[in-house]
Amino acid sequence: MSDSAPGHAPKMASLSLSDRLKPWLPLLLVPVLIVLGFFAIGNPSSWLTLTVSGLAMGMMIFVIASGMTLVFGLMDVINFGHGAFISFGAFVGTSVLLALGTMTGVPSLMLNLLAVAAAVLAAMIVTGVMGLAFERVIVRPVYGSHLKQILVTMGGLIVAEQLIYVIWGGHEIVIARPETLKGAITFAGAALEKYRLLAVGVGLVVFLALRAVMRRTKIGLIVRAGVENPEMVQALGYNITRVFIGVFIAGSALAGLGGVMWALYQEIITAHMGNEIMILVFIVVIIGGLGSVEGCFIGALTVGLVQNYAAFLEPKLALISNIALMVAILMWRPMGMVPVIKAK
Amino acid sequence: MSDPILQLKGVKTDIAQYHILHGVSFDVPRGGVTMLLGRNGAGKTTTLRTIMGLWKPHAGEILLDGAPINGLNPAQIARRGIGFVPEDMGIFSDLSVEENIRLAALSGQPVAERLDWIFGAFPALRTFWKSPAGTLSGGQKQMLSVARAVVEDRELYLIDEPSKGLAPAIVATLARALKDLKNRGATILMVEQNFSLARALGDHVAVMDDGRIVWTGAMAALSADTALQERLMGLKMEHS
């Protein structure tokens, strides 16, 4: 064989404009939906209120779903028990807020936010530790078997709900928002709830932080590579099991954060609240693309907006609006809006 | 033969209910290229994957520098100093070329001198440094796969059929890079079906058939003996 190689001039097939735009189309979905909502609703103030409400709901679902999509993408684990972390986060956070009643009951933004931060921290620590135990005891023995995963994680969810009954009792708990987060501000004739604006801000911060970790750090690089081909990540020298445990803990803690946010949004909590939200979470994870944080974000905002617009325009339609949305998106993009390529 | 860097002793591997390796034993000498040859289905890829810890052997021993590695997971084996280029290339399509390379640099950032060598051997990787690896051609992906394995010095490189499905021009580029790597003192265990490439690069040979090693020796000896080639691998070819 000759030592000298013929010139191998690198070149890439030139893509058409539509091919270049294709990956970016899902990004347009949210603004397009907002514009369509404007024309469908007609009244600008109602539209603005509903849009903020939809975005707030979407952000909370994103916070809850982001960990789950990574867990599914990274280790192919379907965790029906994810709802347990939402419920536990809500109960722990609510307990902290009730204990800090002197801080939440005064009209001081600083004290109110400190109390909420303490509740969030406690909820995330408890659900993070719970996530570690859940992975070790329930998930680890059933790697590779979806049917077993569904059965045992649903069992784990039931056990967790029963634990809530044991610890906090079987009744609903009403939780009032801190004083400065009550009520609404008026903007352009629209009433915008203060808490929903805060939820939009928190969701955005979580998304940007997650994106920064995933795009700019070595651990993010390992997780992104692991979602695509965990075996090769191992062969490069990274212990994927440890990475997975870390992602599971972080995902559980984020669900706990989402639980606190959801509790303050609904102002009432029950042991099965996490289980109820899981339908929306599954829709978001599926339409976003399994394992994609960006897809999860777009999917969550889309679900939040569609739910709110549909509830205003045709309340009966709201019941099926998100299922219809999922069907439509999967017909458009069967692998979700931002599909992650998996190694065969 | 110099002291072996890798030794396989009676390695047996099953995949599901199938017995694939039936007691594989051979040594890989330090320095140079050892070719693992054999017909399709002989167990060559399974041997490399077993060394890498991606399949667990149920019997036998694998020694790297005299220390057993067959109980370790793939990450531990990689950190003992083995670089791996799998048959399917194992490229992360959603990551850029740069990110693929950066991920393989266990010590942090790739060393500039080594990157220069990679860009010299594979200019396409410099051109598409920021592009998603999934948009590369098959040949460019193979270059990336090799570059990723050699971005840092390793004790041993396991390379599985680097020429598979590639155009002759790209195979020649890869061959030149691997020869250069060998000249720098690297030890390579390589599976290859392209006997011309194997002959050009190989110093030592282990031939497999039906999950066993059936012949080991110098590449020069195998190259010179067409009858032996035909008996071991069913090859009938003219010497170039």
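Of the 240 residues in chain B, 48% are buried (20 or more other C-beta atoms within 10 Å of a residue's own, with C-beta atoms placed from the backbone; 12 or fewer is exposed, and in between is partly exposed). This is a predicted model, in which local features need pLDDT of at least 70 and side-chain atom pairs count only at pLDDT 80 or more, while totals for chains, interfaces and linings use all residues. Residues are numbered from 1 along each chain as its sequence is written, chains are lettered from A and ligands numbered from 1 in the order in which they are written.

Let's start with the overall build. Chain B has 10 helices and 10 strands (DSSP runs numbered from the N terminus: H or I of at least four residues for helices, E of at least two for strands). Its radius of gyration is 17 Å, close to the 18 Å from the globule rule for 240 residues, so chain B is as compact as a globular protein of that length (the radius is taken over C-alpha atoms, and the rule is 2.2 Å times the number of residues to the power 0.38). Along the principal axes, the C-alpha atoms of chain B fill a box of roughly 45 × 45 × 35 Å. Among contacts in chain B with a separation of 6 or more, 70% join residues 24 or more positions apart (a contact puts two C-beta atoms, placed from the backbone, within 7 Å).

Now for the meeting of the chains. Here 35 residues of chain B are in contact with 24 residues of chain A. These helices of chain B each give two or more residues to its side of the contact:

| Helix of chain B | Residues |
|---|---|
| H2 | 74-79 |
| H3 | 97-104 |
| H5 | 123-127 |
| H7 | 168-183 |
| H8 | 195-201 |

H7(B) gives the most, with six residues.

Helix H6 of chain B (residues 138-150) is mostly covered, with 12 of its 13 residues buried. Among the buried ones are B:Met143, B:Leu144 and B:Arg148. Their cover includes strands E6 (82-85) and E7 (156-160) of chain B, together with H3, H4 (112-121), H5 and H7 of chain B.

Finally, the largest nonpolar core has 183 residues, of which A:Ile61, A:Val284 and B:Leu158 touch the most other members (a core is a set of buried Ala, Val, Leu, Ile, Met, Phe, Trp, Tyr and Cys residues joined through C-beta atoms within 7 Å). Helix H3 of chain A (residues 44-75) supplies the largest share of this core, 18 residues. Beyond its neighbours within four places in sequence, B:Leu158 is in contact with residues including B:Leu48, B:Phe84 and B:Leu189.
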